[in-house]
Amino acid sequence: MKPNTLDKADFISAIVLIGFALAIVAESLRMDRLEGLNIHPYTVPGLVPGMLGGLLLLCGMALLVRSIRRGGWRIELQISALPGLWHSDMARRIGLTLLLTFGFALGLFGWLPFGLGSAIFVFAFILLLGPRLRLADPGWLKQIAVAAAIAICAGYGIAAIFTEIFVVKLP
Amino acid sequence: MNGLVSFLSAISDIVLSAAIVDVLWATLLGIVVGSLPGLTATLGVALMTTLTFNFEAERAILILICMYIGAIYGGSRSAILLNIPGTPANAATALDGFPLARSGKAGSAMAVATIGSFIGSIIGMLALALIAPWLAEVALSFGAFEFFWLAVFGVLVAGQLTAFDDPIKGWIAGFLGLFVAMIGQEGIHAVPRFSYGNTNLSGGIGLLPAMVGAFGLAEILIVMRQANYEVVRGGIDSVFSGIRNALRFRVTAVRSGLIGTFMGLIPGVGEDMGAWASYAAARMRSTRKDEFGKGSVEGLLAAETGNNAAVPGALIPVLTLAVPGSAPAAVLLAAMIIHGVRPGPLIMIESPEFVYQVVAMVFMATTAMAVLGLALTRPLLLVLRIRREVLMPIIFVLCTVGAFAIASRVFDVWVMLFFGLAGFVMREMKYPMAPLILGIVLGDILDKNLRRGLVLTDGDLTPFFTRPISLILWVTAFGFILLSMPFVRQRIVRLIAGIRHPVANSDEGGKK
């Protein structure tokens, strides 16, 4: 991230942090003080979270002041830049990685047999994030076969290692 | 003398049993994990903790220490051959390692890194054997006040040193980590905090799923964001010339070992700073300063000695204070607690032999690292040729199972995803991860000891500031904060200049 972009990101994150810190302070004040149990007043559960909320608030304000001084508040949303971002290779790779990893952890893990779910995930990852598959190339079938072989070995291999060697219970 | 006997007995126990096989495979796996960009020592130790969950305590801890030492050393491979540090601790290694590799001296550079790592680990190991018993004895006088300040000191100093250019972000990361530790039932009255009736949240946020996310998924996203890497082309020269070259800089190696060990001792600072501080000191004292950054053997040796010395250094506070010296050491601390070992001031009273067992484990792992590192220089190159789109999904599968395995809770997988995404965004915005993790570890210590201390004094804050060790801790911690402020630093520089050149300054004053 370039320094200028970082200042803008700091400006936004400082606002988010201040909001978060205020929420922590409010929650800490609202927390049960256990008066009915006659506890020592210095052991109330909200004491330390409240202090942390205060410290985060101070840090958030310091970050906000600094980012304003550096011009980070001048946020310009450049709609024209969005299609470029969409087509950039970096954004595509991050987007696909997020989609596949979250898809595996939330969609496949625990819903399909572990070996099968892992193999599908590894196969999709290799094909979508590896060298582009071109049907015009003579080696496209080999590329798919290699990806499938790696995926099956990885999926079922990991399952075997976890359950047989390390005696870990899989979902 | 008893310590030496315990150490030798532990060594013979490892050598004369099947544990030696564990030493070899775990160290080799550590080297492989460390050499692969995107896999850090922290992730390696965290994943291995979940895998060795069902093992006996001694066996599991031996494997974790081998993984830790192997991974910190292994990171030098990719730093030298790819110009990408395998772990953050090897960033300084790349400065001189990669230029050496490009000039056809990759084999020599890897040998220098191996010798440096070996010397560093051995110096750190000696410090562990000598300092840990003494520190444990000192820590026996620690009360609630001292432990409170130790937690504050750890978070502030780690925040400052891991984000040197922007300490405020380091502190924010540390405070966020402390806040994460507040989620779930608190330790005095068992009141659930920030749980909102959710039973999963009432149980608290597990350190291991959080670490697997912050160091696993976040790293995967960072690796996949970058353009693909290529291994340096050209031949690999002989490792023997590297060994000879490294041994020419014995003073640098010893100095870097001591600096690295000291950096490891400071809570949460760890191997990265061990390497950078040793590198800076070597450059300052070198007669060939101009070679640094262009392929200096001395610079490479200093960086690798410093980071590996920090590993045993980081184990000293783990064993004696139950406070981690680095992020991987935080996982090791969690693993010790999971396996029923109770690190802390009482360790030299309850199980003094355990400290020397750990020293023996460090020695065995270090020896295995040096032997495997030198013998397998060429075969280990093959690891770096694995394509990232093949490696990363496999790592993610391991992260998912690793997060799940400890408690068999799907909630921990969600925690891993959350911390992975948050860790990626935070790193993109230059927030360090180490204070966050240290905060999660120290949150409970800080919370309980502040409240206990206040009950003991009936709300009087005086003992927090006047007891000798408390005084040292808070003065040092706040000294660090003051030093991070530019105007304070400028004043100090002016003051020092004034003391050094009083005549010149008074002349200037006269002219005005």
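Predicted model: local features only at pLDDT ≥ 70, side-chain atom pairs only at ≥ 80, totals over all residues.
Let's begin with chain A. Two domains are assigned here: domain 1 covers 3–76, and domain 2 covers 81–165. If you take their centres over C-alpha atoms, domain 1 of chain A and domain 2 of chain A are 39 Å apart.

Now for the place where the chains meet. Chain A gives 51 residues to this contact, and chain B gives 47 residues. Which elements of chain B give two or more residues to the side that touches chain A? They are α8 (167–182), α10 (207–225), α18 (388–405), α19 (410–428) and α20 (434–456) of chain B. The largest share of that side is from α18(B), with 12 residues. Sorted by class, the side of chain B that touches chain A holds 33 nonpolar, 9 charged and 5 polar residues.

Let's stay with one of those helices, α10(B). Inside chain B, α10(B) packs with helix α15, residues 327–338, and the two axes lie 10 Å apart at an angle of about 155°. Angles over 145 degrees count as roughly antiparallel, so that is how α10(B) runs relative to α15(B). The crossing of α10(B) past α15(B) is left-handed.

And which residues meet there? From α10(B) we have B:L207, B:L208 and B:M211, and from α15(B) they meet B:A330, B:V331 and B:A334. In this contact of α10(B) with α15(B), 6 residues are nonpolar, with no polar and no charged ones.

Note on methods. Residues numbered from 1 in each chain as written. Chains lettered and ligands numbered in written order. Domains from an automatic or database assignment. Contact = placed C-beta atoms within 7 Å. Helix = DSSP H or I, 4+ residues; strand = E, 2+ residues; numbered from the N terminus. Nonpolar A, V, L, I, M, F, W, Y, C, P; charged D, E, K, R; others polar. Axes fitted to C-alpha atoms, helices over the stretch in contact; angles between N-to-C directions. Parallel < 35°, antiparallel > 145°, perpendicular 65-115°, else oblique. Left-handed = near helix turned anticlockwise from the far one by under 90°.
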